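Welcome, and please get your viewer ready for a short walk.

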Amino acid sequence: MVLSPSQLGTFLRCGEQWRRRYMEGDIIPPGLAARIGAGVHRAAALNWREKLARGRDLPLDAVQDAAAEAYHAELQNGVFFPPEERSSAAAAMAEGRDTAVRLATVMRNELAPHIHPELIEERVVLDIGLDVPVVTVLDLYTRDKALRDLKTSSRAWTEDKVRTSLQPTLYRESVRVVTGSYPESIVFDVLVNGRKGAALQSMETTRNDDDMRVVTLQFRLMLDSIRAGLFPPAPADSWHCTPRWCGYYNTCPYIPARRKTCFVL
């Protein structure tokens, strides 16, 4: 068994979802937003590698083309749509390409010129004192010792969202394992596709050893629950326990049959 930050986040949201996804191998495609984000991430990583190798960013049109191509490649793996969006799925997927290109444009023009990469999508195996490893993938670590994580969103992030994210704690520890020292700054670069257009929102945060202690406790609780066969569902009033946000909703044993519908492309 190998654990990851995304697995912990899933388990804390809904143990039943984790069981279906990671134990049963019942993989439901993510929603369109995740496909857009993956396309932008792949274009960004391509640009970072060019910068690392040759000291310059890719031309804007190359980044835009990379985002569009990566987005279309992601769509080939499927997209989850809730029932109320079934009739507009084709149009939404077409618009998704424009969104990916728009966000990649902001990344290239506003963020990339200030970035000097050192580590790009670095896979790290962590020993945090459990009997199974935790694997992370560092989005980007720069020459000025900044740990940066690129996100895409339909709305601006809040300080609370940044403060409660699990990932920076484990990524901080991963940087120490690879480089021998902790990052001097931790930054979320959020590409926001808002109503007034796309924009870059960079938000700095901090983590320390006490944060790592808490995350380790959460992983230990997760492992103990799994080994005991306990997979607690999300609270019934949780925002993500709806057919709009959960692809397992229509087959979940904790949901009454009268509520179950979904559509997957």
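**Stop one: salt bridges**

Start by selecting Arg172 and Asp209: they form a salt bridge whose closest N and O atoms are 3.4 Å apart (a salt bridge being a side-chain nitrogen of Lys or Arg within 4 Å of a carboxyl oxygen of Asp or Glu). Because Arg172 sits in helix α7 (residues 167–179) and Asp209 in helix α8, the pair ties together parts 37 residues apart in sequence. Helices here are DSSP runs of H or I with at least four residues, strands are runs of E with at least two, and both are numbered from the N terminus. Arg172 has 10% relative accessibility and so counts as buried; buried means under 20% relative accessible area, exposed over 50%, and partly exposed in between, with a 1.4 Å probe and protein chains only.

A word on the source: this is a predicted model, in which local features need pLDDT of at least 70 and side-chain atom pairs count only at pLDDT 80 or more, while totals for chains, interfaces and linings use all residues. Residues are numbered from 1 along each chain as its sequence is written, and side-chain values use heavy atoms, leaving out hydrogens and water.

Glu173, at 12% relative accessibility, is buried, whereas Arg176, at 32%, is partly exposed.

Next, pick Glu121 and Arg49, another salt bridge, at 3.0 Å from N to O. This pair joins strand β2 (residues 117–126) to helix α3 across 72 residues. The structure holds 20 salt bridges.

**Stop two: the largest core**

Now select Leu32, Trp48, Tyr71, Met93, Met107, Leu150 and Leu191, which touch the most other members of the 29-residue largest nonpolar core. Such a core is a set of buried Ala, Val, Leu, Ile, Met, Phe, Trp, Tyr and Cys residues joined through side-chain atoms within 4.5 Å. Which helix gives the most to this core? It is α5, with 8 residues.

Centre on Met107: leaving aside residues up to four places away in sequence, Met107 touches Ala44, Trp48, Val63, Ala112, Leu150 and Leu191 (contact means heavy atoms within 4.5 Å). A second, separate core of 26 residues includes Val134, Tyr141, Phe219 and Met222.

**Last stop: helix α2**

Finish with residues 15–23, helix α2, whose buried residues are Gly15, Glu16, Gln17, Trp18, Arg19 and Arg20. Their cover includes α1 (5–13) and α8 (209–227).
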